[in-house]
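Reader: I am new to this structure and would like a short tour. Could you guide me through its main parts?

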Amino acid sequence: MMSLKDTKKIILGTAQLDQIYGINSKERIGNSEAKKILKFSKESGIDYIDTAPVYGNSEKIIGSSELQDLKIISKLPVIPRNTKSVKKWVLNQVLESLSNLNKSSLDTLLLHDPKILLKKEGKIIYEAMESLKKENKVKKIGISIYAPNILNQIIKKFDFEVVQAPLNIFDQRILERKYLDLLCENNIQLHARSIFLQGLILREQNFEKKYFSRWKESFLATKSLASKHKLSILELCLSFIISKKEVDKFLIGVDSLSELKMIISFLKKGHEIKEDMKHLSCSEENLINPTKWPKNNK
């Protein structure tokens, strides 16, 4: 069962703090509401915050929140083409983030585009991340991935400590034994993100849209399982993620303070169902990878 101390496994995602993010979002969260979310998360025992320079002004909102001892996970954005000094660019990106966050160091620095590590500039980027560790600007380094099939190539070449990967009822690829063994053997933490698949799983009307209608049966099977256990679909998604002991931490993103309170309240109850949900998984990239979705999500 999940108890209050296990809120230490939660990472508050901040993509929603200053931009419309996720399929269900209609408007950005106001600055006042964002600070309430940050304050309540800290009061609930959540120490980790996930952010990135591309998340609007979320870094500055966090930096002005006056909350102490927050452990920040941030990401390097996609490196611009024709960057003259990749190492200098990496350093400047981190220094700018630290300034915005009002912090002297990051807990974790992730690379948002791990495929670049397999190109000619890959070694330089890794060395730049390593040098930031030596300078105590960063405690841990890692990668954020969309699909786990890239892991073997990267882990063979580079020594990372964290992998952030999508994991939800539909996308269970990272739970394949070969990937879990690879992470374990290399002492790499697994941070799960997209546990609601950017909100897609949470609303039946999403599967009425032309693009997603082909997966309506998968949604209905999920809805049926939630009903069987007297849970909402959101609660089923949370129960799924806390049942995965291989996951070191997981991200939750919210659109409001009330939503965060509801999630924390449910997690504190420790409602974990033991039923195997492998039958709900899907290998179709067009569903489980949001970058494949049409821009208007129709």
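This is a predicted model: local features need pLDDT of at least 70, side-chain atom pairs count only at pLDDT 80 or more; totals for chains, interfaces and linings use all residues.

Reader: Which strands make up the barrel?
Author: Eight strands form a closed barrel in the order S1-S2-S3-S4-S5-S6-S7-S8, with parallel pairing. From one strand to the next, the twist averages 30 degrees.

Reader: How many bridges join S6 to S7?
Author: Strand S6, residues 162-166, is joined to S7 by five bridges, and the two run parallel. Gln-164, for example, has His-191 in S7 as its bridge partner.

Reader: And what does helix H4 lie across?
Author: Helix H4, residues 122-134, lies across S3, S4 and S5 and runs at about 150 degrees to S5.

Reader: Turning to H8, how many of its residues are buried?
Author: Nine of the 10 residues of helix H8 (233-242) are buried. Among them are Ile-233, Cys-237 and Phe-240.

Reader: What do those buried residues pack against?
Author: The buried residues of H8 pack against strands S7 (189-193) and S8 (249-252), as well as helices H7 (216-228) and H9 (257-269).

Reader: A change of topic: where is Thr-51 found?
Author: Thr-51 is in the loop between strand S2 (48-50) and helix H2 (58-63).

Reader: Is Thr-51 buried or exposed there?
Author: Thr-51 counts as buried because its relative accessibility is 0%, and the cut-off for buried is under 20%.

Reader: Which side chain does its side chain make a polar contact with?
Author: The side chain of Thr-51 makes a polar contact with that of Ser-58, at 2.8 Å. Leaving aside neighbours within four places in sequence, the contacts of Thr-51 also include Thr-14, Ile-72 and Leu-101.

Conventions: Residues are numbered from 1 along each chain as its sequence is written. Side-chain values use heavy atoms; hydrogens and water are left out. Buried means under 20% relative accessible area, exposed over 50%, partly exposed in between (1.4 Å probe, protein chains only). Helices (H or I, at least four residues) and strands (E, at least two) are DSSP runs, numbered from the N terminus. Contact means heavy atoms within 4.5 Å. Two strands pair if DSSP finds at least two bridges between them. Axes are lines fitted to C-alpha atoms, for helices over the stretch in contact, and angles run from 0 to 180 degrees between N-to-C directions. A polar contact is a pair of N or O atoms within 3.5 Å; within protein, one must be able to donate a hydrogen and the other to accept it, and residues adjacent in sequence count only if both atoms are side-chain atoms.
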